[in-house]
Amino acid sequence: MTIGCNDEIVMLPSSSFFGPDRDIARCILDRREECISRDMPVPLFVAAPMVRYSKLPFRRLVGMYGADVIYTPMIYASNFCASEKCRRSEFTTDSVDSPVVQFAVNEPKVFADATELVYPWSSGVDINCGCPKRDVTSAGFGSHLLDNPDLIADMVAQARSRISDPTYSISVKIRIQYPLEKTIDLCRKMEKAGVTRLAVHGRTRYMPNDPVDKEAIALVKSSVGVSIFANGGVTTFAEALEMAKETKVDGIMVANGLLSNPAMFGGHDVTPLQCITDFVNLEASKSLHFDIFHQQLIFMLRPILSAPQRRFFNELTSVAAVKDFLVDEIGCIL
């Protein structure tokens with residue numbers, strides 16, 4: 001079955017630093033050396049699922065700048081299974097991209113069916129049990145599922161029964177709950193069901209802007225035997241390594257920090273011009289919708305542009321106008 005796959009790839013430099021689409025020249029810091037200097041293991045760097053934004057061009061971009069594991073945006077599994085049109089619009093990939101496909105789902109059979117559909121074109125699937133948005137939770141998805149750990153475990157178990165490939169990841173993204181015994185119980189049930197790894201956001205569903213509870217993430221890591229990704233509050237390369245060292249997790253998952261700086265995992269403090277150029281080239285090949293393309297550039301350019309430049313750029317309405325601005329105003333070579 002075809003699921004919106006596109007066999008054409010962008011011919012950009014790549015090499016095997018950590019992943020299949022890594023260009024060492026674009027990563028200014030050697031993660032291994034940085035970890036050796038901090039006396040810590042080397043963590044995986046993970047690009048979180050972001051609604052609208054974790055599309056193929058952006059996944060390819062963060063892969064070039066240090067992301068090891070990269071998620072798709074959240075996809076509603078029931079729609080994905082029922083509609084070929086949905087499959088084509090929601091999941092497009094190529095021969096380099098091998099993402100973790102995240103689903104909003106609350107039915108074990110539906111999750112297993114969706115997993116079978118994406119298995120040939122992905123490195124794993126993930127159940128969204130972390131989103132706190134009302135439109136998601138009111139439909140019985142996202143963080144609403146945290147109150148039903150047995151259902152989550154059943155979804156994991158049924159998907160694993162369909163896909164016996166031990167290298168294929170079946171994961172769950174959660175938020176912590178208090179008392180923390182609830183979170184530990186949930187994670188142990190998912191481990192018993194066959195989950196490959198867990199991404200743990202260090203805030204509850206009711207804490208949108210509170211400090212991340214690193215001790216809670218560390219407790220989860222020490223309580224289960226599966227890989228743990230820490231999520232929440234990381235906006236720089238140094239913060240990512242600090243979080244990994246403090247919590248002893250296996251990977252660091254970042255969302256908003258990568259929107260403003262897709263090269264963050266490469267050690268860049270702000271988005272470099274080469275990264276912007278790479279994104280424009282990827283858009284040209286992958287035909288990203290203009291509104292998303294424009295908005296992602298707005299995020300990347302915010303710390304670079306003056307206030308008048310930002311106002312002007314925000315009003316642009318075509319790819320051609322965006323390219324002219326990037327060449328004339330900030331010196332991109334396109």
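**Notebook: loops, domains, helix pairs**

I started with D39, which sits in the loop between α1 (31-37) and β1 (44-47); helices (H or I, at least four residues) and strands (E, at least two) are DSSP runs, numbered from the N terminus. D39 is not a glycine, yet its phi is positive, about 55 degrees.

Ground rules for myself: this is a predicted model, where local features need pLDDT of at least 70, side-chain atom pairs count only at pLDDT 80 or more, and totals for chains, interfaces and linings use all residues. Residues are numbered from 1 along each chain as its sequence is written, and side-chain values use heavy atoms, with hydrogens and water left out.

**Another loop.** I looked up P179 and found it in the loop between β6 (169-175) and α8 (180-193). The peptide bond from Y178 to P179 is cis, with omega near -5 degrees.

**Domains.** I have domain 1 at 31-266 and domain 2 at 273-330, with bounds from an automatic or database domain assignment. Their centres, taken over C-alpha atoms, are 28 Å apart. I see 15 residues of domain 1 in contact with 13 of domain 2, contact meaning heavy atoms within 4.5 Å. About 1,300 Å² is buried between the two domains, with 73% of that from carbon and sulfur atoms; buried area is the accessible area (1.4 Å probe) that two parts lose on being put together, summed over both. On the domain 1 side, Y53, P57 and L61 supply 37% of the area buried against domain 2, more than any other three residues.

**Helices α2 and α12.** Next I took α2 (residues 56-64) against α12 (residues 273-286): the axes come within 9 Å and cross at roughly 145 degrees. Axes are lines fitted to C-alpha atoms, for helices over the stretch in contact, and angles run from 0 to 180 degrees between N-to-C directions. The crossing is right-handed, that is, the near helix is turned clockwise from the far one by less than a right angle. From α2, L56, P57, F58, R60, L61 and M64 meet C275, D278, F279, L282 and K286 of α12. I note eight nonpolar, no polar and three charged residues there. For the classes, Ala, Val, Leu, Ile, Met, Phe, Trp, Tyr, Cys and Pro count as nonpolar, Asp, Glu, Lys and Arg as charged, and the others, Gly among them, as polar.

**Helices α5 and α7.** The axes of α5 (residues 108-118) and α7 (residues 149-162) come within 8 Å and cross at roughly 35 degrees. This crossing of α5 and α7 is right-handed. The residues in contact include F111 and T115 of α5 and M155 and Q158 of α7. They divide into six nonpolar, two polar and five charged.

**Salt bridges.** I get 15 in the structure, counting a side-chain nitrogen of Lys or Arg within 4 Å of a carboxyl oxygen of Asp or Glu. Across the domain 1 and domain 2 interface the rule finds zero. I did look at E84 with R88, whose closest N and O atoms are 3.3 Å apart. E84 and R88 are separated by about one helical turn because they are four residues apart in α4 (residues 84-90).
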